[in-house]
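Here's a quick look at the pockets of this model and at a helix beside them. Have the structure open while you read.

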Amino acid sequence: MAPLRTIMTRDLVTASKDASLKEVAALMADNDIGNVLFMDADKLVGILTDRDIVVRAVAFGRDPGALAVDHATADPFTLDADTEVSEAAALMGERQVRRLPVTENGKVVGIVSLSDLSNRTNGDADQQALEGISTPTL
């Protein structure tokens, strides 16, 4: 199977650590994406998904003006661009992540989503990841 670099999306959307939940949601809508990255120079410090906004903020009545980074996953799991897609799918399932930042020499160079596994691969990588993601944790 191919390495992640062959299926990753290279156009990354980042948000300022000062951005509000509303601003980040609008950024996602404008770019038709489900996540944004928070960077400190070249270092990835967080990822916020559309689902995070719902279950970590809206569900608890957070103000849309609240800092989005406060609801992000800090120090997110990443894999190197040379990681095989099948290994990445297994790890995404194991860690129950739908979006995976991809790195090269420690720098974020892309992102792979569950839909990338489905639409850009031949095989069952998407099914493998989905099964792990869908398994309830205790």
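## Pockets and a helix

The lining of the second largest pocket splits into six nonpolar, six polar and six charged residues (Ala, Val, Leu, Ile, Met, Phe, Trp, Tyr, Cys and Pro count as nonpolar, Asp, Glu, Lys and Arg as charged, the others, Gly among them, as polar). This is a predicted model, so local features need pLDDT of at least 70 and side-chain atom pairs 80 or more, while totals for chains, interfaces and linings use all residues. Residues are numbered from 1 along each chain as its sequence is written, and side-chain values use heavy atoms, without hydrogens and water.

| Pocket | Volume | Largest share of lining |
|---|---|---|
| Largest pocket | about 430 Å³ | helix 2, four residues |
| Second largest pocket | about 330 Å³ | helix 4, three residues |

A pocket here is an open set of points on a 1 Å grid over the protein atoms alone, where a 1.4 Å probe fits, with protein on both sides within 12 Å along at least five of seven lines; lining residues have an atom within 4 Å of a point.

For the largest pocket, the lining divides into eight nonpolar, three polar and six charged residues. Asp52, Thr73, Gln96, Val97 and Arg98 lie nearest its centre.

Technical notes:
Grid points are joined across faces, edges and corners, and a volume is the space filled by probe spheres set on the points. Helices (H or I, at least four residues) and strands (E, at least two) are DSSP runs, numbered from the N terminus.
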